[in-house]
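Keep the sequence and the 3D view open as you go.

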Amino acid sequence: MKKQVWGFFCPIFLFFTIFVPTVSASSLMDFEPENSEQQADYVNPAADISLYATAAALLDADSGRVLYGKNEDMPMAMASTTKIMTCIQVLEHVSLDETLTVSAYAASMPQVKLNIRKGEEYTVRDLMYSLMLESHNDSAVALAEHVGRALLSEELGDKPVSQYTTEESRRAVAAFAGLMNAKAAELGCENTWFITPNGLDATEEVTLPDGSIAQKEHCTTAAELARIMAYCIGESEKSEEFLTITRTSNYSFYANGRNFSCANHNAFLTMMDGALSGKTGFTNKAGYCYVGALKSEGRTFIVALLACGWPNNKNYKWSDTKELMKYGIENYFFRNLTEEGVIFDESRLKPILVSEGQTDILGDAAYTALEIVGRDGSAREDGNIGSSSDLGTDVGVLETEHLLLRPDEQILVTYTVKGKLTAPVESGTQVGTIEYSVNGTVYRREIIVTADTVERIDLRWCVQQVIERFLL
């Protein structure tokens, strides 16, 4: 009996399994800018920018996009601009109200210094203002030791810092530098390496994963220094504390029987409306360096300058900063990636044919409708997108809805979707992506998923279809 049943239904099953047409995957590039006349009349003034700095970057803090660059990816010494990373790491790891003790090593740092002394005690808060307003090198090391000692062995962690040998102090500072480098790597800074917390020039040997030894210098790039500043002023959970410290004009405190007064050396704070924060730096190797941030009409610009002159050209960094900030303010404006005329039209997504899929009527082809996940900033109602396809894309969604663009820049909208599926297919299965890019970099990604579940043709379905079609 089983052989007879299979002999009857197998031809039907094979028909629906084999003779189902397929279509190929498709790709679309369909954005035509609405401001074509404005683009034709616009002349980008970037070619006329002349800077003193050897390396420079103008960054959109919100998107991380470099709006202007000059040798922006060249690794170079960055002097005391290092201290923005020192500051944010201290803020993220200890309380401002904690008290620290000064080691002989910290007290031995060269000028510029607060002249703290071995065995003295200070609050983290007081030394943070010393660090960021006056750029004191001894305060930087004392703060780094205070955080780094917690990462050492229990014996050294319990030992009073005032009794540390020079080697033990260096180990604590190296542990803190490890935190700095880990954060830099997390931010995508591939050409940044921290050795000192104060920015003094330094070189060290590092053992690579393959066992080889490499020489590393204390360095960064203009683009990555700007990226670090973007984190400090907006992304870190301690951004408000960072801004409070770095925007303070003057700070005085009393400790160890002495009065101290710190004045902010970031002159840019009073040079342009909207100035947010910044840090200067200088060593003989690095030259004058600067990183600063400004907010204007909801836009946040960051300028980073490396090797911007040597004595007696101390003011070059201010003219370069103002020129780049002015360029950003006058030429970059928000464009909404979800506005009409830019956002991808969901109606252009046609149902996908599903081979070997069950249908309500015998002889019909199975299809699944498509929908876009993440357009409203949320996933499906069930909380997940479903199983990923083999497109090689991440299931996550980039949520950028607006981007700073020049009038002549074009948003390119592309989509890729699978041309065929094979049952079974679950609703919410990723089958494609929609990407919004400018100059080859994707700033928004939406996920295309199946809207329907399609079961695979099986014997039960074949029997049911034959009964309904021929016997009922």
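**Exercise 1.** Find Ser135: is Ser135 buried or exposed?

*Solution.* Start with the relative accessible area of Ser135, which is 11%. Buried means under 20% relative accessible area, exposed over 50%, and partly exposed in between (1.4 Å probe, protein chains only). Ser135 is therefore buried. Helices (H or I, at least four residues) and strands (E, at least two) are DSSP runs, numbered from the N terminus. Finally, look at the backbone: phi of Ser135 is near 60°, a positive value in a residue other than glycine.

Before going on, note that this is a predicted model, in which local features need pLDDT of at least 70, side-chain atom pairs count only at pLDDT 80 or more, and totals for chains, interfaces and linings use all residues. Residues are numbered from 1 along each chain as its sequence is written, and side-chain values use heavy atoms, leaving out hydrogens and water.

**Exercise 2.** Where is Glu356, and what is its phi?

*Solution.* First go to the loop between strand 14 (352-355) and strand 15 (366-368), where Glu356 sits. Then read phi of Glu356: near 65°, positive although the residue is not glycine. Last, check accessibility: at 13%, Glu356 counts as buried.
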